[in-house]
Amino acid sequence: MQVIETQLYTGAYTGDQPGEGVRCWRFDGAALQETGKYGGLRNPSYVLPVGKRLYAVEELPDRAGAACFSLDGNGGLSVLWQKEVPGAGLCHAAVAGDSLYVSGYAGGTLTAVDAATGRPAFYREFQGSGPNVLRQEKAHIHSSLTSPDGSRLLVADLGSDRLYQFVRDGQGSLRPDEAQPWFQIGPGQGPRHFAFHPNGKWLYLVTELDRSLLVFRYEANAMRFVKEYSLRESRDPENSLAADIHVTPDGRFLYVSVRGPGCLCGFQIQGDGGELVPIGRFPAGGVCPRSFHISADGRFVAVANQEPGTLVIFPREEESGLLGSALCSADIPAVSCVKWGDCPF
């Protein structure tokens, strides 16, 4: 099958000074080529391509910054806006309508800005804690995602073990969903990232601290817990942590990355999405696969290994879901996020 050239985008930690943390790549099915980069951000730990724009956030302990770039189609980018926004320690971004929602881990914050201008439209600092005194001493907002119909925004708080649900309005503001303002996850589990099945009926949540995968039925804008799957193995390092999660575009498979053993755990999705069957663990090409992403055609998986600092591309067998040996890689110090430019997050 012919492979059409695709674009990828990566974010990486740069330390105390601005550095070349945002990079653009071209992939031709066999090799990676860097096509552009931007050095004006500190710790752009998360990037998000949406159409002809690329958003990036700065993960800083005492403040928050975000930027929007225009993509020229040839792998280059130019700044549309870059500014400081309310919050601290931004680690994730999601677009819903005309709004960009950014999650602040360090500050326990969620901020909405106008996606076109960066003008703040909503801000909330969350309260709460959990039993893990080292990681859950306060709220730590890690990610957000819109509901399948776009009417809600769901927000994961690792610190309080909660998955919040808000009703969106047309200007980016949020109000708690009165029927189900949050779902309380098990104590000390630490919800991190989550994904919906393409049919919109199922929600899959990965918990960072205890390395579990939780399955929820999602209907009538309400979450109902169904089942839990362990991502742990006895030989894993004690400090292992789960990280990212994605469902294949065809809705047949699901993968979760685990830092420590350095792997992607694969599951085959049964029926309309409520049952999962493990298909194996696949080496991620590094010990710390903080982020990964599946191409729009489902044939490739890109993995950002924060340690040792590599972007690795793997082929994926569409019928079995198995990942093959690495096709190519690129060295990117402290890389933390990778996104294909041709598919939704």
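Residues are numbered from 1 along each chain as its sequence is written, and side-chain values use heavy atoms, with hydrogens and water left out. Since the model is predicted, local features need pLDDT of at least 70 and side-chain atom pairs count only at pLDDT 80 or more, whereas totals for chains, interfaces and linings use all residues.

## Nonpolar cores

A nonpolar core is taken here as a set of buried Ala, Val, Leu, Ile, Met, Phe, Trp, Tyr and Cys residues joined through side-chain atoms within 4.5 Å, where buried means under 20% relative accessible area, exposed means over 50%, and partly exposed lies in between (1.4 Å probe, protein chains only). The largest nonpolar core holds 28 residues, of which Leu54, Tyr55 and Leu100 touch the most other members. At least two residues of this core come from each of β2 (22-27), β4 (46-50), β5 (53-59), β6 (64-71), β7 (77-85), β8 (90-96) and β9 (99-104), with strands defined as DSSP runs (E, at least two residues) and numbered from the N terminus. Strand β6 gives the most to this core, with six residues. Leaving out residues up to four places away in sequence, Leu54 touches, among others, Tyr9, Val22, Val47, Ala67, Phe69 and Leu77, a contact being heavy atoms within 4.5 Å. A second, separate core has 19 residues, including Trp202, Val256, Phe267 and Ile269.

## The second largest pocket

A pocket is an open set of points on a 1 Å grid over the protein atoms alone, with protein on both sides within 12 Å along at least five of seven lines, and its lining residues have an atom within 4 Å of a point. The second largest pocket has a volume of about 250 Å³, the volume being the space filled by probe spheres (1.4 Å probe) set on the points, which are joined across faces, edges and corners. It is lined by 16 residues, and those closest to its centre are Leu241, Arg259, Cys288, Gln306 and Glu307. Both β25 (288-294) and β26 (300-307) supply at least two residues each to the lining of the second largest pocket. By residue class, this lining divides into five nonpolar, four polar and seven charged residues, where Ala, Val, Leu, Ile, Met, Phe, Trp, Tyr, Cys and Pro count as nonpolar, Asp, Glu, Lys and Arg as charged, and the others, Gly among them, as polar.

## Single residues and their partners

Ala284 is found in the loop between β24 (275-283) and β25, and Ala284 counts as buried because its relative accessibility is 0%. Apart from neighbours within four places in sequence, Ala284 is in contact with residues including Gly262, Cys263, Pro289, Val303 and Phe314. Leu311, by contrast in setting, lies in strand β27 (residues 310-315), and Leu311 is also buried, with a relative accessible area of 0%. Among the contacts of Leu311 beyond four places in sequence are Thr10, Trp25, Leu32, Val303, Cys328 and Val338. Ser129 belongs to the loop between β11 (120-125) and β12 (141-146) and, at 46% relative accessibility, counts as partly exposed.

| Residue pair | Separation in sequence | C-alpha to C-alpha distance |
|---|---|---|
| Ala284 and Val312 | 28 residues | 7.7 Å |
| Leu311 and Phe292 | 19 residues | 9.2 Å |
| Ser129 and Ser160 | 31 residues | 4.4 Å |

## Cysteines

A search of the whole structure finds zero disulfides, a disulfide being a pair of cysteine sulfur atoms within 2.5 Å. The sulfur of Cys263 is 4.1 Å from the closest cysteine sulfur, in Cys265, and is therefore too far for a bond. For Cys91, the closest cysteine sulfur is that of Cys337 at 11 Å, again too far for a bond. Cys91 is buried at a relative accessible area of 4%, and Cys263 is likewise buried, at 4%.

## Backbone geometry

Most residues other than glycine have a negative phi, and most peptide bonds are trans. The peptide bond from Glu307 to Pro308 is cis, with omega near 15 degrees, and Pro308 is found in the loop between β26 and β27. Asp161, which is not a glycine, has a positive phi of about 60 degrees; Asp161 lies in the loop between β13 (152-157) and β14 (162-168) and is buried, with a relative accessible area of 2%. Ala220 has a positive phi near 55 degrees and lies in the loop between β19 (212-219) and β20 (222-230), but Ala220 counts as exposed, at 76% relative accessibility.

How values were computed. Helices (H or I, at least four residues) and strands (E, at least two) are DSSP runs, numbered from the N terminus.
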